Amino acid sequence: MSDTTQTGPMLAADGTPLKRSLRRALRAQKMRALALIAPLLIFVLLTFIAPIVDMLFRSVENQIVGNTLPMTVEELRDWDAADTPDEQVFRALFFDLFLAAEAKEHTKLGSRLNYEESGISSLFRTSGRDVADIGEVFQDALEEIDPAFEEAQVWAEMMSGGAGAEANTRLLSNQIGRLEQLESSAFNGDIGFVPGAEISEILPNTARAYAAFAGFTYFVDGDVVAEEEPWEAVYAALAVDLEDPATATALASYSGPSADMLRAAAAAELPPIDMKAAMIDSNKDWARPNFWETIQTYSPPYTTGYFLNAVDMEKTPNGIALRSEDERIYGILFKRTMFMSLMITFSCVALGYPIAWLLANLPSRTSNLLMILVLLPFWTSLLVRTSAWKVMLQQQGVINDVLVWLGLVADESRLVMINNQFGTIVAMTHILLPFMILPMYSVMQTIPQTYLRAAKSLGATNWTAFWRVYFPQSVPGIGAGSILVFILAIGYYITPEIVGGTTGTFISNRIAYHISSSLNWGLAAALGTILLAVVLILYWAYDKIVGIDNVKLG
Amino acid sequence: MKLTKTLLATTALTVAAGTAVTAQDMANSMTIVSWGGAYQDSQDKAYVQPYLAANSGVTATWDESSAEAVAKLRAMNEAGNVTWDLVDVVASDAMRLCDEGLALELDHDEVLAAAPDGTSASDDFGDLIVSDCFVPQIVYSTTFGYRTDMVPEGVEPPSTVCDVFDLAKYPGKRSLQKRPIDNMEWALYCDGVAKDEIYDVLGTDEGVDRALAKLGTIKDQVVWWSAGAETPQLLADGEVFIGSTYNGRLFSAIAEQNQPIAMMWDMQSFDLDGWIVPAGLPADRLARVMDFLKFATDTQRLADQAAYISYGPARASSAPLVGKHADLGIDMAPHMPTDPANAGNVHIYDYEWWADNRDDLDAKFQSWLAQ
């Protein structure tokens with residue numbers, strides 16, 4: 001070419017390479033455009049995308065088990081699900097449950113696990129009440145040995161290992177981290193207590209229980225640690241530590257605060273520790289291996305359990321299996337929702353097409369009147385329209401009365417037209433009809449009438465002219481209306497609830513039930529996610545088959 | 001977090017002790033959540049308006065959201081912005097809210113007024129305090145009403161719950177609530193299970209099948225309702241012959257609208273409705289709501305409420321004070337579910353049992369309905 005003399009990049013007027021200068025100019029333009037749409041973008045992100053992401057997340061989230069019973073989950077990891085777990089697991093459960101009961105989080109976990117296994121809810125509720133009594137046995141025994149065990153100040157000093165002792169800050173921050181997870185809030189600040197390194201080596205359980213108590217007392221109760229008598233769980237933990245003969249040996253050479261008192265306690269006879277018996281005594285269901293299995297199965301922080309439930313499956317010890325026949329419901333409901341939404345869409349096309357054609361082709365005075373008739377029900381309350389159908393369709397209703405009066409139907413055999421699929425389809429077709437007519441009308445308006453006349457003048461019959469010339473041009477309107485009606489129908493809730501009876505309800509009625517009544521939001525989220533996925537797949541299929549470019553909303 | 005909790009604790013204590021709380025420490029407005037309709041009106045007339053009259057400058061706003069209270073409270077709690085001060089819920093929802101930590105646990109003897117004769121609040125309410133978070137107001141029942149003009153000729157009007165299952169003697173449609181609670185118990189009772197064994201039987205798979213099989217004998221003839229107003233409407237239109245609903249709804253259809261409907265109290269299912277205070281209220285709002293709660297649940301106020309609606313007051317000491325209907329002037333006592341003439345054979349619904357088994361049975365029940 002001609003620029004053989006110039007080898008470097010093309011330069012702009014100010015000497016910078018043209019490419020870079022162009023990019024800079026474009027970037028500024030892009031930023032300006034972005035700034036203009038930013039309010040909308042942020043609005044959509046906050047009010048639309050974020051809730052959907054949150055919902056998707058809820059359908060797999062399951063951190064509550066691990067957060068509430070961390071030690072139990074750890075101990076259960078190697079449990080083989082054959083028999084009731086051993087004492088070690090029950091001890092972990094006792095300490096976990098004690099803290100959870102103090103924080104009033106145990107019943108939440110109970111209701112969560114009750115979704116998977118009936119009966120767990122009351123198991124946690126009753127045992128949460130009893131854990132204090134179980135621990136009190138050890139508190140009484142220790143206080144009998146030395147009344148100083150009652151003193152809050154003595155405990156605080158004993159567990160801190162005395163002034164100037166080496167501190168075990170890791171233990172404390174671990175326990176505070178645990179409290180943060182349990183209470184779902186952040187705790188910062190100096191609680192005025194640090195466990196001593198030596199004493200927490202000798203009495204590991206006691207130090208852990210006391211550190212949890214100290215953190216809870218300061219952050220949640222807002223009290224001073226050294227002024228509060230420890231929980232019963234701390235005494236139980238001390239009993240557990242003293243049960244080990246090695247503790248007495250270690251204590252013999254210990255010289256921290258209250259060393260004598262601890263040595264006396266180690267030498268004395270304490271009540272035997274049998275947490276397994278105590279917990280089973282509190283509620284005999286703790287002996288049932290299937291309850292433990294549920295806890296073990298649902299201990300990971302994320303679960304597929306909700307999704308399995310949403311497709312009528314469940315986790316069993318032998319893997320994933322279909323639920324028993326009398327518990328399957330969601331498969332039926334998904335199929336029914338699809339089928340009925342399609343029926344409603346077809347009825348809307350069949351009823352809406354002629355009306356849209358009239359609207360587009362009548363002289364404007366008549367078509368305006370017709371338009372008002374289409375829009376009038378659109379402006380009426382949804383509930384009023386649905387209830388009106390009840391009055392029309394019920395057995396003692398207007399339609400049946402007229403049919404009986406005409407002698408078409410015998411008084412004893414009045415037609416059942418409501419509280420079934422028929423009622424839902426009729427009422428929803430009526431309610432969704434404007435969503436079909438309006439897009440069809442706006443497309444038909446753009447089809448010049450001269451085309452039909454031209455076809456006819458070239459010898460086409462009325463039918464051929466319509467079918468070969470007019471109809472293909474109106475397809476984008478049908479497509480837009482169908483997508484609109486179908487997607488609205490699939491998520492409809494109030495109309496099926498009122499006129500659907502038992503055979504005409506949709507999946508959305510179950511979603512509503514789980515959101516507002518059973519509070520199983522995880523399952524509701526899973527059902528909602530599946531519904532969303534189905535709609536997206538159908539949309540994609542529509543795009544592949546008909547082409548989304550063929551859709552015209554106006 | 002810490003500060004609010006401390007404040008909460010201290011205010012709760014001071015309110016409880018009834019000392020040192022002056023009107024300045026209390027918020028001037030309350031948002032009270034209830035069910036709307038005649039029931040909310042009865043609350044408004046019996047204690048909200050009297051309270052506002054006695055405390056000038058205080059306003060109360062109603063929110064008719066009790067039906068979705070549990071879900072909404074949970075959402076508010078997650079969002080960290082609880083806008084409600086006092087919520088009217090049924091007992092089973094109160095238990096659930098308490099379990100979820102969404103309702104405040106109360107010491108009934110400290111926060112509620114004692115009976116005029118000095119009986120402590122917890123003794124006066126007795127067993128009706130089914131949860132630590134719950135302050136009962138009324139006893140209502142789910143019971144049956146039937147069309148008097150649709151009773152077949154020459155046949156006695158229905159007198160037991162088992163007549164609902166007797167299609168030969170009483171043909172026609174029935175309306176039942178679209179949930180397993182009560183229906184399963186009635187079905188087992190009419191299938192020959194002794195009343196005190198119902199929950200033992202229902203706790204087994206065979207028992208559930210048995211109850212569903214019994215319900216199956218009338219399934220074709222049942223209209224399932226989900227809102228309390230449906231049965232009175234179905235009865236008034238002659239759509240059903242007999243149907244279950246809340247007794248207060250039937251009372252207004254019979255006494256206020258003069259419909260040809262009569263009550264059938266046999267095996268009526270007692271349930272409770274009452275207040276909960278949401279957890280996590282700021283101190284001034286908590287102080288106000290506690291002050292109101294003490295007033296609104298005292299013996300006289302609960303008895304006053306019975307002049308507007310036929311639900312039994314939850315306090316034992318209120319029962320003798322129940323008078324006449326405020327507008328109709330009829331004696332209210334015979335219309336109370338707790339009246340001895342009506343309470344000959346009642347079904348006491350087991351909250352703990354249903355809290356445990358509700359999800360499981362609901363799945364089976366819904367699956368049975370869908371088939």
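**Figure 1. The buried residues of helix α11 of chain B.** In this predicted model, the buried residues of α11(B) are B:N247, B:G248, B:R249, B:L250, B:F251, B:A253 and B:I254. The helix, which runs over residues 247–256 of chain B, is mostly covered, with seven of its ten residues buried. The elements of chain B that cover these buried residues include the helices α2 (37–54) and α10 (230–236), together with the strands β4 (135–147), β7 (242–246) and β8 (261–276). Just after α11(B), the residue B:N258 takes a positive phi of about 50 degrees.

**Figure 2. The crossing of helices α4 and α14 of chain B.** Two packed helices are described by the angle between their axes and by the distance between those axes. Here the axes of α4(B) and α14(B) come within 10 Å and cross at roughly 65 degrees. Because angles of 65 to 115 degrees count as roughly perpendicular, α4(B) and α14(B) are described as roughly perpendicular to each other. The crossing of α4(B) and α14(B) is right-handed. On the side of α4(B), the residues that take part are B:A91, B:S92 and B:M95, and they meet B:Y351, B:W354 and B:A355 in α14(B). Sorted by class, this contact of α4(B) with α14(B) has five nonpolar residues and one polar residue, with no charged residues.

**Figure 3. The side of chain B that touches chain A.** The contact takes 32 residues from chain B and 35 residues from chain A. On the side of chain B that touches chain A, at least two residues each are supplied by α1 (2–17), α3 (69–79), α4 (91–99), β6 (222–225) and α14 (351–370) of chain B. The largest share of this side of chain B, 14 residues, comes from α14(B). By class, the residues on the side of chain B that touches chain A divide into 15 charged, ten nonpolar and seven polar.

**Figure 4. The fold of chain A.** The secondary structure of chain A comes to 26 helices and two strands. The radius of gyration of chain A is 36 Å, well over the 24 Å that the globule rule gives for 554 residues, so chain A is more spread out than a compact globule. Along its principal axes, the C-alpha trace of chain A spans about 115 × 100 × 40 Å. Of the 554 residues in chain A, buried residues make up 39%. Among the contacts in chain A with a separation of 6 or more, 73% are accounted for by residues 24 or more positions apart.

Terms used:
Residues numbered from 1 in each chain as written. Chains lettered and ligands numbered in written order. Predicted model: local features only at pLDDT ≥ 70, side-chain atom pairs only at ≥ 80, totals over all residues. Contact = placed C-beta atoms within 7 Å. Helix = DSSP H or I, 4+ residues; strand = E, 2+ residues; numbered from the N terminus. Nonpolar A, V, L, I, M, F, W, Y, C, P; charged D, E, K, R; others polar. Axes fitted to C-alpha atoms, helices over the stretch in contact; angles between N-to-C directions. Parallel < 35°, antiparallel > 145°, perpendicular 65-115°, else oblique. Left-handed = near helix turned anticlockwise from the far one by under 90°. Rg over C-alpha atoms; globule rule 2.2 N^0.38 Å. Buried ≥ 20, exposed ≤ 12 C-beta atoms within 10 Å, placed from the backbone.
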